[in-house]
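Please read it alongside the coordinates.

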There are 2 protein chains.
Amino acid sequence: MSATVEFWFEFASTYSYPAALRIEDVVRAAGVELDWRPFLLGPIFAAQGWQDSPFNVYPAKGRYMWRDLARVCADLDVPLRHPSQFPRNGLPAARVSVAAAREPWLPAFVRGVYRANFAKDRDIGDAEVLGAVLAAVGAEPARWLERASAADVKDALRTQTERAADHGIFGAPSFRVGTELFWGNDRLEQAVAWASGAA
Amino acid sequence: MSATVEFWFEFASTYSYPAALRIEDVVRAAGVELDWRPFLLGPIFAAQGWQDSPFNVYPAKGRYMWRDLARVCADLDVPLRHPSQFPRNGLPAARVSVAAAREPWLPAFVRGVYRANFAKDRDIGDAEVLGAVLAAVGAEPARWLERASAADVKDALRTQTERAADHGIFGAPSFRVGTELFWGNDRLEQAVAWASGAA
C-alpha cells in the first residue's frame with residue numbers, strides 16, 4: 001500500500017477549492033506524502049458529452065452545488081464569493097503548475113489561484129492575475145508564464161489529463177492512493193486514512 | 001426552523017440504501033422527526049435527458065460508485081451484494097410506501113425492500129418479492145399490493161415526484177429541512193444537525 005495521496009485537481013472545479021486549501025494540513029497530520037496532479041476536466045467532460053460544466057448543464061444540480069459549497073466553506077471557515085464567471089479557464093494555471101511541479105512554492109501557488117477564483121472573483125485565465133499570484137509566492141511571473149507555454153509543458157499536461165481518464169477519474173477533486181480512487185472533497189479524510197493504512 | 005427531516009428516497013438508488021438503513025437511528029439520537037418521502041427518479045432523470053441511471057450512462061462514474069458504495073457499506077457494517085440487475089424497478093415498492101404512509105411498519109418495509117435489492121439481489125419490481133417483505137413486517141401482502149395499484153395511490157406518488165422536482169431535488173437520497181436541501185448519504189448527519197438547530 002502506498003503512503004502517497006495523489007491530489008488530482010482542476011482550477012475551475014468548485015469542490016477542489018476547499019480541498020486544495022486544506023489538503024496539506026490533512027496529509028501532514030497523517031504523516032503521508034502528497035503528490036499534486038493538475039489536470040483538465042474539459043476533455044474528460046467532453047468525452048461524456050458535455051461542452052460545459054455539468055453544474056451549468058444541469059441547473060438543479062448547479063443550484064444545489066453552490067448552496068452546498070457555501071455550507072462546506074462556512075464549516076471550514078474558508079471564504080467563498082460566488083464567481084461572476086463559471087467555469088473559469090484553468091488551463092494557464094494548470095500549465096504553470098505542471099511546469100512548477102518541483103518548485104517549493106507550488107502548493108502556495110495552487111492555493112493562491114483557487115483563492116483568486118473563488119474568494120476574490122478574479123479571472124484566473126488572465127496572465128496578469130496569474131502573474132500576481134506568482135509574485136505573491138516569490139516566483140518570477142514573466143519566467144513562469146513563458147515556461148508554461150512551452151511545448152513540453154503543454155504535452156505534459158495533456159499526458160496527465162489522459163492519465164486521469166485512464167485512472168477512471170471523471171471529476172475533481174479526486175484522490176488516488178495506489179490504485180484506489182476517491183472522489184470529492186468529502187472523501188479527502190478517507191483517502192488519507194487509506195494511505196496511512198488506517199482504512 | 002423545522003425539526004423534521006424529510007427523507008426523499010428511491011428504491012433503485014444505491015446510496016439511498018445505506019441512508020435508509022441508518023436514518024431512523026440517526027434522527028432518533030438527535031431527537032428530530034422523520035418524514036419518509038418515496039419518489040421516482042425516472043421522471044427527474046428523463047427531464048435531464050437520461051433514459052437510464054447516470055451510473056450506467058456514465059460508466060466511469062458507475063464503476064467508481066460501486067467501489068465507493070462498497071467502502072461506505074463496509075464502514076457502516078451494512079451487507080452489500082452487487083445487484084445482478086441495475087437499476088431495478090422501484091415503482092411498485094414506492095406505491096406501497098405511499099399507500100402505507102401512516103402505517104407503523106412503513107420504515108421496516110422500506111428497509112426490507114432495500115435489503116432485498118442490495119443485500120439479497122432480489123427483484124424488487126416483482127410482486128412476490130414485495131409480498132414476502134410485507135409479510136415479514138406483519139402487513140397483509142394481497143391487501144397492500146392491491147391498494148398500491150389504486151388510482152389515488154398512483155396519483156399521490158406522481159404528485160410527490162413532481163413536488164420533488166419543484167423542491168430542486170435531482171438525485172437520491174435527498175434530505176429536506178424546511179427549505180434547505182441536502183443531497184447524498186454523506187449529508188445525512190448535516191441535515192439532522194440542521195433540523196436540530198445545531199448547524
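In this predicted model, A:Phe175 stands opposite A:Phe182 of β4(A). The two strands concerned, β3 (residues 174-177) of chain A and β4(A), pair in the antiparallel sense over four bridges; strands pair if DSSP finds at least two bridges between them. Helices (H or I, at least four residues) and strands (E, at least two) are DSSP runs, numbered from the N terminus.

Residues are numbered from 1 along each chain as its sequence is written, chains are lettered from A, and ligands are numbered from 1 in the order in which they are written. As the model is predicted, local features need pLDDT of at least 70 and side-chain atom pairs count only at pLDDT 80 or more, while totals for chains, interfaces and linings use all residues.

**Sheet of chain A**

- Four strands form an open sheet in the order β2-β1-β3-β4 (chain A), with mixed pairing.
- At the edges are β2 (33-38) and β4 (180-183) of chain A, each of which pairs on one side only.
- From one strand to the next, the twist averages 20°; axes are lines fitted to C-alpha atoms, for helices over the stretch in contact, and angles run from 0 to 180 degrees between N-to-C directions.
- Helix α1 (residues 16-30) of chain A lies across β1 (4-9) and β2 of chain A, at about 165° to β1(A). Contact between two residues requires their C-beta atoms, placed from the backbone, to lie within 7 Å.

**Helix α10 of chain A**

- Helix α10 (residues 188-195) of chain A lies across β1, β3 and β4 of chain A and runs at about 10° to β3(A).
- Six of the eight residues of α10(A) are buried, so the helix is largely enclosed by the rest of the structure. A residue is buried if 20 or more other C-beta atoms lie within 10 Å of its own, exposed if 12 or fewer, and partly exposed in between, with C-beta atoms placed from the backbone.
- The buried residues of α10(A) are A:Leu188, A:Gln190, A:Ala191, A:Val192, A:Trp194 and A:Ala195.
- Their cover includes β1, α1, β3 and β4 of chain A.
- Just after α10(A), A:Gly197 has a positive phi of about 80°.

**Chain A as a whole**

- Chain A has 10 helices and four strands, which follow the pattern β-α-β-α-α-α-α-α-α-α-α-β-β-α along the sequence.
- A compact globule of 199 residues would have a radius of gyration near 16 Å, and the 16 Å of chain A agrees with this. The radius is taken over C-alpha atoms, and the globule rule is 2.2 Å times the number of residues to the power 0.38.
- The C-alpha trace of chain A spans about 45 × 40 × 35 Å along its principal axes.
- Of the 199 residues of chain A, 41% count as buried.
- Contacts in chain A between residues at least 6 apart in sequence join residues at least 24 apart in 72% of cases.

**A:Ala142**

- A:Ala142 is part of helix α8 (residues 141-148) of chain A.
- With 10 other C-beta atoms within 10 Å, A:Ala142 is exposed.
- A:Ala142 and A:Ala99 are 43 residues apart along the chain, and their C-alpha atoms are separated by 13 Å.

**Chains A and B**

- Between the chains, 11 residues of chain A are in contact with 11 residues of chain B.
- On the side of chain A that touches chain B, the elements giving two or more residues are α4 (59-76) and β4 of chain A; α4(A) gives the most, with four residues.
- The residues on that side of chain A divide into six nonpolar, two polar and three charged. Ala, Val, Leu, Ile, Met, Phe, Trp, Tyr, Cys and Pro count as nonpolar, Asp, Glu, Lys and Arg as charged, and the others, Gly among them, as polar.
- The same surface serves both copies, as 100% of the contact residues of chain A recur in chain B.

**Sheet of chain B**

- In chain B, β1 (residues 4-9) and β2(B) pair in the parallel sense over six bridges.
- B:Glu6 stands opposite B:Asp35 in β2(B).
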